[in-house]
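Colleague: Could you zoom in on just one chain and tell me how it is put together? Please spell out any cut-offs as you go.

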Amino acid sequence: MTDILVVNNLKKAYQSNVVLNDINVVVKDQEIVSLMGTSGIGKSTLLRCINKLETIDSGEISIKGIAITDKNYQEQIGLVFQNYNLFPHLSVLENLIQPLLIKKIDKETAIKKADELLAKLNILDKKLAYPNQLSGGQKQRVAICRACMLNPKLLCFDEPTSALDAASIEDVKKTIKELSNDMAILIVTHDENFARAVSTRIIKMQDANTLN
Amino acid sequence: MKKLLTALLTLLVLSGCSTASDEVTKTLEDAQTDGIIIGLDDTFAPMGFRDEDNNIVGFDIDLSQAVLAKLDITDITYQPIDWDMKETELYEGNIDCIWNGFSITDERKKTILFSDPYLADSQIIVVRSDSDLVGLDDINNITLAMQKDSTASEVVYASDVLSDSSNELIEYGTNIECFMDLEAGRVDVIVCDNIMGRYVMAQRGMDQYTILDVDLGVEDYGIGFRQADTDLVDSINEALQEVKDDGTYDEIFAKWFGE
Amino acid sequence: MDLFIKLLPNLVNGTKITLFVFSVTLIISYPLSFLLTFLQSLKNKYLNFILKIYIAVERGTPLLLQLMFVYFGLPYFNITLDRMSAVIVAFVLNYTAYFIEINRGGIEAIDKGQFEACKVLGYSKIDTYKLIVIPQALKITLPSVSNEVLSLVKDTSLVYILGVTEVLKVGRTAVNYYATAIPFIYVGIIYLVITYVFARLLKQLEKRLTYYD
């Protein structure tokens, strides 16, 4: 199976505090990798670095060979935030198609893709609703759709179970397994049960280094 | 603050540190070809103000028309300005003269070149017609109202009797407010200039008031020009005299001040 | 009542000027403020320094003084404007500065996650501001903006200093002409009507924006 995410010798420090010290990680296609570790150990930082939300001090990150410095990198990766960060002033549909419209993709194509994903995640009936009208689980499904609109090769989740009830957690597990047919998945979580149930591989972080 | 800025700007102009074009000036010839801009506060009845049809009318308007006609100056613009900014407007060339019941004082002569006087204005003391006050000796232990920063207020402060500590002095922005207070009984005495005062009293009903027989001095109205415009002022003075001599002046006077 | 009818034509003309200054200022300064707020976000040191000084001057000096400076002071720098242009320039400079500060506050109130979502979805800085940030900031800042709008209605009375006749000056002229203070009551009523209308409009706008609360 092909390597999707390749992280080499990643170093990141906040002033004198070294958070990530020579991290190496590989995630292959169709893998579901959970990144675990105690609070504050740097797993969120690692996720943020991969998603270009933080700058790195040294090291290489690439997705399917496309380096993080390349302008096409952002399209390869999708992120489902812990608090979803849906755009509150836009409807569900608008939340989904806007990222495509700004890339000059025509509206019809965008709506088609949105409908596809909404159906897949079982939330097509909420197409015209606004985020404030959705439950936590529903918001997450919309967030997942939005992250998938640009066909990312790697889909990241930041603490996907923290705000969900048991039923919704089951839904997410199913969804992630389905999605892994088409992409690699990287999850940051502290929920061991969830990680065991859904992952193909678990990485534990200790100190500033990873341990497989 | 307005005064501060005006003083500052006037100082800048007079100290010649203007980086704008050369000092602004207008000769008679300039006025005949390019026209003249007369600056006025268009709220100042009866000298120069807007009537109900929004036309600028007044004693000064009619007089200026007559005087300038004698000089073949036909392009006349009446430019409304804020009275506090008049010197600044004049020196920046936005207007060419100030013609609006402008009192000639020594203080003003320092920066303004005045024409010959064209109207004498005195200060009067007004009381309610039912008042016991008759002369200056009666004016103690009373409340007196006057317009702020006017010749009337100067006269009051210069007079020992009027500004005696037993009197309460109140300054208002306009003469109207003084008269309203007099009628309401909140003040006993008003000091104001004759022309403005009579205009207000005529509007509100002369029978409510009595003008005391007290001479507080006379002040003349003149037309204010930039100090460099001596040529223009000389011509204006000549024309002014002609207008007085041929009876036009008396006609205009009668129109606005009766008698 | 008789007096009111006599004054009506002039009051209408004065009100037209009041509304003209009000609307031109608003139409230019509010959008302009968003442009400058966006430029501010680019964190260019030099630009932000200039903006900082500009905003401090505009908010730290009276609008009346600014009017006087633009009309009477600029000729010394070889910039001579006619009266109405000076009015508009001074008003726009002043109100844009206030709006920039208000916008900034509104943008800071927006959850950082919104910016991060944009980054991750590949939004350009301009798109981020145009599509996500400004629409949300508009809603958050509407109460403050409403205050400024109502202030603007009343600030238009300051144009008298440049000899421009708006409705309050019309009132003053009438007071002197008819030697009665009643015209001030009419002017007061006109201001109340104008501010009431705009206050209502803004309230409606606020209501319409709560659809996604």
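**A close look at chain A**

Modeller: Take the contacts in chain A between residues at least 6 apart in sequence: 70% of them join residues at least 24 apart (contact meaning heavy atoms within 4.5 Å). Keep in mind that this is a predicted model, where local features need pLDDT of at least 70 and side-chain atom pairs count only at pLDDT 80 or more, while totals for chains, interfaces and linings use all residues. Residues are numbered from 1 along each chain as written, chains are lettered from A and ligands numbered from 1 in written order, and side-chain values use heavy atoms, with hydrogens and water left out.

Chain A has seven helices and ten strands (DSSP runs numbered from the N terminus: H or I, at least four residues, for helices; E, at least two, for strands). Its radius of gyration is 17 Å, close to the 17 Å from the globule rule for 212 residues, so chain A is as compact as a globular protein of that length (C-alpha atoms; the rule is 2.2 Å times the number of residues to the power 0.38). The C-alpha trace spans about 45 × 40 × 35 Å along its principal axes.

Of the 212 residues, 52% are buried (under 20% relative accessible area; exposed is over 50%, partly exposed in between; 1.4 Å probe, protein chains only). One residue at the other end of that scale is Q15(A), exposed at 83% relative accessibility. Q15(A) sits in the loop between β1 (3–14) and β2 (17–28), and has a positive phi of about 50 degrees despite not being a glycine.
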